[in-house]
Amino acid sequence: MHLIGMLVLAAAAISAAALSRNDKRPELPAMPQNIVSLNLCADQYLLALADRSQIAALTQFASDPAMSAAANEVRGLKQISGSAEEVLALQPDLIIASPTRRRETMAVLKGYRLHTFDLPSAENYTDVVVQIREVAQAVGHPDRGEALIARMDAALARLQPVHDAPVAAYYQRRGYLTGTDTLVDDLMTRVGLVNLADQLDRAKVSRLSIEQMVAAKPDYLIVEGGSEHATDRGNEMLRHPALAAIPRLRLPQAWTVCGGPAYVSATESLVAQMAGRR
């Protein structure tokens, strides 16, 4: 560990020792002023719900337009790789993390009695609504959460889903197929599509060969935006001539990685693309 990191951890250890003597951590402020995100999806919720002055740091992926639907809102905000040293140096009063990632960092931070909020992956719109409310409450702006939910509900209510139940496959690089009980599956159902993975009784994530896809004859392939360019062998298969006859619907990956406002953008785009093909 480099010297600066050792000094940061040493200083934090002194604070932790003081907390240990009191056997309790500081009370979470009603409106935290130093929030650190260690979760790409939390980045986007914070940008939508918190004051910019409340955000101490976002993840290193927050400004990547291929990963984050809110990348253009990040300018001027600090981004970190997510090491324990970086987090402790910011003296956060709230950390929003993922329950399945950054385990080493979180194991270190656990000893410092910092307030943490676990944000799991949203697998449907109901999850998204719950998370908006929870994050809005945690950052001290519950009214903003309710306003965002109301706008999203209104936008979804205006959708005109297709009624002839076309079958679609969310097909990704290296032949991965997205199955049921996922946010993508929920999006597909909302716009009137039938998920091919459900018809084939596939798991949340599985692989389907080009031959199997051709034999299944879906009405649409849903692919990530930009996948029409064969940048490597992983997405080269998506340009295989055998798949050329299947109409494609394109969505930016950043709209399907996380819940939040991008959920509405994805549904509106799917409906508009299908309408343009009919």
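Analyst: Axes are lines fitted to C-alpha atoms, for helices over the stretch in contact, and angles run from 0 to 180 degrees between N-to-C directions. Helices (H or I, at least four residues) are DSSP runs numbered from the N terminus. This is a predicted model, where local features need pLDDT of at least 70, side-chain atom pairs count only at pLDDT 80 or more, and totals for chains, interfaces and linings use all residues. Residues are numbered from 1 along each chain as its sequence is written, and side-chain values use heavy atoms, with hydrogens and water left out.

User: At what angle do α5 and α6 pack, and how far apart are their axes?

Analyst: Helix α6 covers residues 142-157. α5 and α6 pack at about 160 degrees, and their axes lie 7 Å apart. The pair is therefore roughly antiparallel (over 145 degrees; under 35 is roughly parallel, 65 to 115 roughly perpendicular, the rest oblique).

User: Is the crossing of α5 and α6 left-handed or right-handed?

Analyst: Picture the near helix turned from the far one by less than a right angle: anticlockwise is left-handed, clockwise right-handed. α5 passes α6 in a right-handed crossing.

User: Which residues meet between α5 and α6?

Analyst: Contact means heavy atoms within 4.5 Å. From α5 come Y125, V128, V129, I132, R133, A136 and Q137. From α6 come P142, G145, E146, L148, I149, M152, D153 and L156. This contact has 10 nonpolar, two polar and three charged residues (Ala, Val, Leu, Ile, Met, Phe, Trp, Tyr, Cys and Pro count as nonpolar; Asp, Glu, Lys and Arg as charged; the others, Gly among them, as polar).

User: Now α2 and α5. At what angle do they pack?

Analyst: Helix α2 spans residues 40-49, and helix α5 spans residues 125-138. They pack at about 60 degrees, with axes 10 Å apart. α2 and α5 are therefore oblique to each other. Their crossing is right-handed.

User: Which residues does α2 bring to α5, and which does it meet there?

Analyst: α2 brings Y45, L46 and L49. In α5 they meet V128, Q131, I132, V135 and A136. By class, that contact holds seven nonpolar residues, one polar and no charged. Look again at V128, I132 and A136 in α5: these residues meet α2, and they also meet α6.

User: Last pair. How do α7 and α11 pack?

Analyst: Helix α11 runs over residues 262-276. The α7 and α11 axes are 9 Å apart, at an angle of about 45 degrees. That angle is why α7 and α11 are oblique to each other. The crossing of α7 and α11 is right-handed.

User: Which residues make the contact of α7 with α11?

Analyst: L183, D186, L187 and R190 sit on the α7 side. Y263, A266 and T267 sit on the α11 side. The classes here are four nonpolar, one polar and two charged residues.

Note on methods:
Helices (H or I, at least four residues) and strands (E, at least two) are DSSP runs, numbered from the N terminus.
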